[in-house]
Amino acid sequence: MIRAFLKEPLVHFLAMGLLVYAFGVATGESAPAARHEIIISQGKIQQLAANYSRSWGRSATADELQALIDQEIKDTIYYREAVAMELDKSDPVIMRRLRQKLGLLYDDVSLRLKPTEPELRRYLAENLQRFIHPATISFEHIYFSPDRRPSPLADAAALQQRLRSWISKSPVANNYGDIPVQARVIKSATQQDLTRMFGANFAEKAFKQPQQLWSAPIASGLGVHLLWVEEITPSKVPAFASVRQDIERLWRYEQREKIESATYKKLLSAYHVEIDSVSVYKPQLTPSANNET
Amino acid sequence: MYFRLLCCLCLVLSSGQFTYANKHSTRTAYFGDTHGHSSLSSDAFGFGNNLPPDNAYRFARGDKAEHIGGYTIQLKVPLDFFMMTDHAEMIGIAKVAMDPKSPAYKGIGKYLRMADKNKGGAKFLFALQEATGSGVYPEGYTPDSIKNVWASIVKTADKYYKPGKFTTFAAFEWSSMPEGENLHRNVIFKNSKRVPEQPFSAMDSTIPEDLWTYLEGERAKGNDNIAISHNGNMSNGRMFQLVDSYGAPITKAYAQRRNENEPLFEIMQLKGVSETHPSFAEEDEFADFELLPYSLHTWQRIEQQKTGYAREAYKFGLRFQQTIGANPFKFGLQAGGDDHGTAHTWEEFNYHGGHASLDNSPEKRLNGTIPLPGAEKNLNVRLSAGGITGVWAEENTRASIFAAFRRKETFASSGVRIKPRFFASWYFDEHLMAQKNWLSTAYKQGVPMGGDLVLNPSKAAKNTAPHFVVYAVRDPNSAALQRIQIIKGWTKGGEMYEHIYDVACSDNLQPDPETHRCPDNGASVNLKTCSITKNKGNTELSAIWRDPAFDKKLPAFYYVRVIENPVCRWSTRDANQLGVQPLAVVPATIQERVWTSPIWYTPLIHGESVESAQASEL
């Protein structure tokens, strides 16, 4: 997969660009000819003016604009002198900032990638468990509270005998049983939802009940229940179109990590690294990343 | 100026509540843990934990997770919210020391690459200990290291935040323990976008007032936060001491700052319960519960002080209310895991230890101890499976859950998902609970847990006591409910008192009118199989109650304890698994429970209530 990736022209371009860039940073080369020349362009002035009005809610006066330009010139001179004096070298804040900017390049590249549909479908197939919809159940139940009756199980069984022949649940549930602790009608719940609401045993049994029929009594962590299962939707792989965006997002995130690590590998290969006192050390290519979401 | 600002903040917060209350007036119980450690905590790393915070988040939201012991664990019911609170002191130092790009790699990191792993590990930890003592960071570990680690912690919290499904917070633990006495606090930020550049550690200061200054500074910048103190039981009475950190008397300003910064207290966790202690709660048969009266420093037994425990602190708080006109200990209750293995299992039937490689097998848990010279044998078996926090919130989001923390509408649980309701009002009808929508009436007419009931002069004139309403539903994956208790504390003439009322009994039993206790409901546990008596205990329990000894002139607090039928303690399950007898140093069974935040009653002082006196200062 990584190998295929490195063939992408765009990645090659980026890697080359990064190499040049990184080399420049490493050796401190810059264009000395332009060091004593400062051009404040019309575009720059417009930018300064726009920043000002964003901050203050009004346009800068002529004096204020002049002051902004003076400040810009001063900043530029100080910056260049500091760089010329190599004050930026080994400064951890500057190093971190530059690394951050480099990271933005990776983001940018990964955003430009246009995955094909077969590519995304393959990704879905390889990462199925991250997208799969668990089975859900919708039901109505009659609740028999152990707090309110001496033998909830017997009461439930007796009622089920009477209800067995009914083909419609409609008027019944409201007239029998006790006020349930959970809602009377449960819609599209997963087994984990039911474990939370009724306990693990009930959650397991509920999914095994026939549909459109009053069930035999089922004990839960709360009491005893008769279930009218409206519908059980088995677990399923979502339609490609409905999760395409999610797949693409995860795919893109993965590609970004791959580009970064491949590029770092390239950059690293151009360096000779020596570490005092640790003879066997080998540089790590992927510093402890946690990619899973 | 300072306090004015803080008070503005709390006004903003309480006005926020009202809009929510209209949206979802009866609120939902969400469960979470506010306390956990990964390999970013140097002690956890020392215990052999090499896992990043990611693993803990995935485990808490319900995924299968790798345990340090080399097996897979999973929660029966996922948590709704979670946060990691790695120790701020040299946070992430092991990660930094193993990173070749960090200067610490060549510094303290060299120990971690020694061929003799044990020797290297010991040297590493020794260097950390030295650094903590001297206040000088180990070689190569810089303020930048801290900032980077903290940034990664915040990022990880954001990564797992799924509003409506699973809420996470940016958090850390401030681990101050002057003279070995535990003053730890967990710090939680409401908003991850505006967190400070780095956490505040005990190497910055060991004084709680300094932590408050840091927190207040952050709040002034618009990022609300709280600190949650814990393990008063291991503080040698220092957690709720009756003077400030400099030995000066507690003032109104101190009380206000403490409540503003520390609205909650973690009453239970891995290292024991800090509700009360049998040596001063003689009337309370349920006080001997998961106690751990040891020093966190030496792990030797220490004499228990009242000022290490929440119930006593509440009483001292009332006394301060009378003497200085402000209560410094007006905190709500919650609980946590304090796991150091990156995956905690609050469930008694699913406990896998809390100190990584020190207790990741039944053998180590039953026979092992804390590896310190002079520590007692079998300390591991005394550790509890830890607790979780319940909040009553409108929705599962940072804003909603944090608002519940702020208004103290919280409860602590020994690990089970019991859902307790608790309200007080002068206006409740005797038959309130027969109403179909009694909950919305309770919210409209009363105050929920964590709230204040102030004197109603017209009602009090008729010598009427307020009504308390309690209701609880059991955890469908644990045992049935046995009883609901209301615990009252008050002070009179400088003396402090408490009384415990069973207000609802299971199995249609009635509390004894003399002792106010429910009769035994006959529930028992088979210690061999850990099966429990069927048909004993209740799914729901409720009561509407009036304090028979209500005195309108005396300030008082009332909190609820809901107690389950007994189940096997985790150590009994471990013993069964190994085919040995349960150890006698701990009970074979426990009665899991929840504790709600109190409702405080405040009478008139000098003709006006304390609240209106404070309001007039604005």
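**Figure 1. A salt bridge between chain B and chain A in the predicted model.** In this predicted model, B:Asp80 and A:Arg196 form a salt bridge in which the closest N and O atoms are 2.8 Å apart. Across the interface of chain A and chain B, the rule finds 3 salt bridges. Polar contact between chain A and chain B, counted where both residues have pLDDT 80 or more, involves 10 residue pairs.

**Figure 2. The side of chain A that touches chain B.** Two helices of chain A, α5 (92-112) and α8 (191-198), each supply at least two residues of the side that touches chain B. Of the elements on this side, α8(A) gives the most, with 5 residues. Sorted by class, the side of chain A that touches chain B comprises 11 nonpolar, 7 polar and 7 charged residues.

**Figure 3. The contact between chain A and chain B as a whole.** Chain A brings 25 residues to the contact, and chain B brings 29 residues. Between them the two chains bury about 2300 Å², of which 47% is on carbon and sulfur atoms.

**Figure 4. An open sheet in chain B.** Four strands of chain B make up an open sheet with the order β14-β13-β16-β19, and their pairing is antiparallel. The edge strands, each of which pairs on one side only, are β14 (447-448) and β19 (540-546) of chain B. Strands of a sheet pair through backbone hydrogen bonds, either parallel or antiparallel. In chain B, strand β13 (residues 419-425) pairs with β14(B) in the antiparallel sense over 2 bridges. Within this part of the sheet, B:Ala424 stands opposite B:Val447, a residue of β14(B).

**Figure 5. A salt bridge between two helices of chain A.** A:Arg244 and A:Glu117 form a salt bridge, with the closest N and O atoms 3.9 Å apart. This pair links distant parts of the chain, since A:Arg244 lies in helix α10 (residues 240-269) of chain A and A:Glu117 in helix α6 (residues 117-126) of chain A, 127 residues apart. Over all chains, the structure holds 51 salt bridges.

Conventions: Residues numbered from 1 in each chain as written. Chains lettered and ligands numbered in written order. Predicted model: local features only at pLDDT ≥ 70, side-chain atom pairs only at ≥ 80, totals over all residues. Heavy atoms only, no water. Pairing = 2+ DSSP bridges. Contact = heavy atoms within 4.5 Å. Buried area = accessible area lost by both parts, 1.4 Å probe. Salt bridge = Lys/Arg side-chain N within 4 Å of Asp/Glu carboxyl O. Polar contact = N/O pair within 3.5 Å; in protein donor to acceptor, adjacent residues only side chain to side chain. Nonpolar A, V, L, I, M, F, W, Y, C, P; charged D, E, K, R; others polar.
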